[in-house]
Structures are given as structure tokens and as C-alpha cells.
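Reader: I have a model open and would like to learn how to read its features one at a time. Please take me through them.

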Amino acid sequence: MQNLGVAITGSGSAVPATSLHNQTLSEVVETSDEWIATRTGIRQRRLALPSESLSVLATAASSQAIAASGIKPEDLDLILLATSTPDDLFGSACQVQAQLGATNAVAFDLTAACSGFVFGLVTAAQYIRTGVYKNVLLIGADILSRWVDWEDRRTCVLFGDGAGAVVLQADKSDRLLGFALKSDGTQNHHLNLAYTGTSQELLTGVNVTKGTYQPITMNGKEVYRFAVQKVPEIIDKALFQANLSVDQIDWLLLHQANQRIIDAVAQRLNVPEHKVISNLAQYGNTSAASIPLALDEAVREGKIKPNDIVATSGFGAGLTWGAAIFQWGR
């Protein structure tokens, strides 16, 4: 059986209505707009209200992507939800499937933190290339405001909530030109959202743990150093696989973690500023949602046009990082 190509044919995004500006955040924790903006490039972020759920945001982004690709929800064969913050620890992809009415799709969650969208893109492509599925919905969505310590000014200023989605379809030509994925668990301790429990005795000599997940902890210096070193390397690897040079790419679209990381990576790769996509100032770090959210905005603004070559990279907890080179549209 011949392997099929992959095309990314539609995008969508959704963010909560509530904005939290740096200035307002300084009423919650000791910080300032100037302090946050100069160190991170972030001006504001969106926060999900208690009444808003991850599945609702993911469904809204997905509906747009499905419409943009010209298919119907029942045409979907597979739904991948890249998230670290499901509404339910057993996963939220099936809720999204039900809310969309995607009755023919199998759905499951995929967790790779801020690398989730890129890891999901590569995973989705394998199902299509092997001829198993024709239409795949890939969602990146996170509500990290649930898991932030609002008294820790090093982390609470960084994160925001949102969702982005794309539809991948089987196509005669293959638009996923190259990719590379990496993990290094020896550096896991630099970025965590860890479970902490206390021992509870059920019977004499039989103990279990009762607890919950604790807020995000991060060694910012180490994560910054890791990203600036590893991301240009992995993009180079993906470009090599795609048989392209860096000057042949139209856009550099990195996970929106910190403007200083984005600038440093672009500099190392010699990508001019006008080719770099950034919407970090408005949304902060939305984890798995950041790449598809920025992609959808750039597509809707008419920046990214059909056949444009996009180099994208996600990096974060795990530690994980990956890159994909794709051509937008059919």
C-alpha cells in the first residue's frame, strides 16, 4: 500500500474573554508591567473563569478548524488533544469528540507539555501516511491558570489559557517536509507540575497516598539555557530532513514561552525579524496551545499564505523538544 501525504488544511483558535494585564497583576503579586515586559515580552494573558472548561475552549477552536478545512465533524477519523490540563485526569478528548458530534472519530489525549502540539503533529501524520486515517483533528489546549501559584511571581506572570486546532488530511503531496523530536528525562526536575501526597494507613502495614497536584515549579535560568541551545539544533535537524536551508523558510513559529528565547533562537538561526511570528505579548505562555493559536492568528491575518513554508518548534517540561517543517494548506 502506498504511503499518503499529509496536508494541514484548516486552523482555529479560542481564548477566554477575561484578560489580565501586567498592571492589574501587580495588585495580586509584587511585580510591575515594566519588570514582566522587559524579561518576558508578555503584556497580558487570558484567564479561564471557573465556569469555563478545557473541553469547551478546545471544542470552539476545533469547530473553526473543521469549518476552515471544508469538512464536517463526522468526517473526522481521529481526534488528538495535546494537553497537560484536562478537565478530567482520564482525559478530555472524548468530551471534545462528543461536543463536536464527531461520531466516527476515535479520540485520545497526548501529553508532552509545551511540546505537545509538535509531538501531536508528528503523531497525526503517521496515522495518515500509513493509510489508516484520512482526516485528523489535532488540538493544543491548556488552562495553566488552574495550576499556577499566584504568590510565586517568577511563574505566575508567565502563563495564560487558550486553545488552538488544525485539521490534517490525506493528500497527494506531502506537506510535512521534515521533523525531529527529542526528550531528556535527566532534566525533568527543572520544570514540574508534580503530584504530592501524604501517606494514609489503610490497614496495619498497608499504606496508600492521598493528595493532589502542586502548582508549577520552574528553574527559569536552566529552562532558558536549554531552549536557546536545543531549539536551533532541532530546527536544523528538521530542515536537514526536509532538504531545505534556513533561508528557504517563510516563517519561524516557536512555542510562545518568552520573547527573549524567541529572539535568541531567531538570531542563532539567522532568521530575520520579519519572518518571526509572535503573539506572546497578548496571551503569555499557553503551553500546548501556543503554536496553533499563533498559527491561526497569522493565517487569519493573511500573513501565512497557502504554500508558505513554516518552521515550528515546541519545547518544555519533560524535558521535551521537537521541530516540524511544513507547507501551509493543500
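Predicted model: local features only at pLDDT ≥ 70, side-chain atom pairs only at ≥ 80, totals over all residues.

Reader: Start with the inside. Which residues of the largest nonpolar core touch the most other members?

Author: The general idea is that in soluble globular proteins, nonpolar side chains tend to be buried together. Here the largest nonpolar core has 44 residues, and Ile235, Leu252, Leu254, Phe315 and Ile325 touch the most other members.

Reader: Which elements give two or more residues to this core?

Author: They are helix 6, strand 13 (251–254), helix 7 (259–269), strand 14 (309–316) and strand 15 (320–327). Helix 6 gives the most, with nine residues.

Reader: How many residues of helix 9 are buried?

Author: Buried means under 20% relative accessible area. Helix 9 spans residues 290–300, and nine of its 11 residues are buried, so the helix is largely enclosed by the rest of the structure. Among the buried ones are Ile291, Leu293, Leu295 and Val299, but also Ser290 and Asp296. After helix 9 comes glycine 302, which has a positive phi near 80 degrees.

Reader: Now charges. How many salt bridges does a search of the whole structure find?

Author: To read one, look for a side-chain nitrogen of Lys or Arg within 4 Å of a carboxyl oxygen of Asp or Glu. The search finds six salt bridges in the whole structure. One of them pairs aspartate 174 with arginine 129, with the closest N and O atoms 2.9 Å apart. This pair links distant parts of the chain, 45 residues apart: arginine 129 is in helix 5 (residues 116–129), and aspartate 174 is in the loop between strand 7 (161–171) and strand 8 (176–183).

Reader: Are the two partners buried or exposed?

Author: Arginine 129 counts as buried because its relative accessibility is 17%. Aspartate 174, at 31%, counts as partly exposed.

Reader: Where does glutamate 222 sit relative to arginine 225?

Author: Both are in helix 6 (residues 220–242), and because they are three residues apart, about one helical turn separates them.

Reader: What does the pair of arginine 154 and aspartate 152 look like?

Author: Their closest N and O atoms are 3.2 Å apart, and they form a salt bridge. Arginine 154 is exposed at 61% relative accessibility, whereas aspartate 152 is buried at 13%.

Reader: Which side chain of opposite charge is nearest to arginine 45?

Author: Arginine 45, in strand 3 (residues 44–47), is buried yet has no salt bridge, and the nearest side chain of opposite charge, aspartate 33, is 7.3 Å away. The arginine 45 side chain does reach the backbone oxygen of leucine 20 at 2.8 Å. A polar contact with the side chain of asparagine 22, at 2.9 Å, is also made by the side chain of arginine 45.

Reader: Last, the backbone. Which residues other than glycine have a positive phi?

Author: Most residues other than glycine have a negative phi, and most peptide bonds are trans. Asparagine 243 has a positive phi of about 60 degrees; this residue is in the loop between helix 6 and strand 13. Asparagine 270, whose phi is positive and near 60 degrees, lies in the loop between helix 7 and helix 8 (280–283). Asparagine 243 is exposed at 70% relative accessible area, and asparagine 270 is exposed at 65%.

Reader: Where is a cis peptide bond found?

Author: A cis peptide bond joins glycine 318 and leucine 319, with omega about -15 degrees. Leucine 319 is in the loop between strand 14 and strand 15.

Key. Residues numbered from 1 in each chain as written. Heavy atoms only, no water. Helix = DSSP H or I, 4+ residues; strand = E, 2+ residues; numbered from the N terminus. Buried < 20%, exposed > 50% of the residue type's maximum accessible area, 1.4 Å probe, protein only. Lys, Arg positive; Asp, Glu negative; His and termini not counted. Polar contact = N/O pair within 3.5 Å; in protein donor to acceptor, adjacent residues only side chain to side chain. Core = buried A, V, L, I, M, F, W, Y, C linked by side-chain atoms within 4.5 Å.
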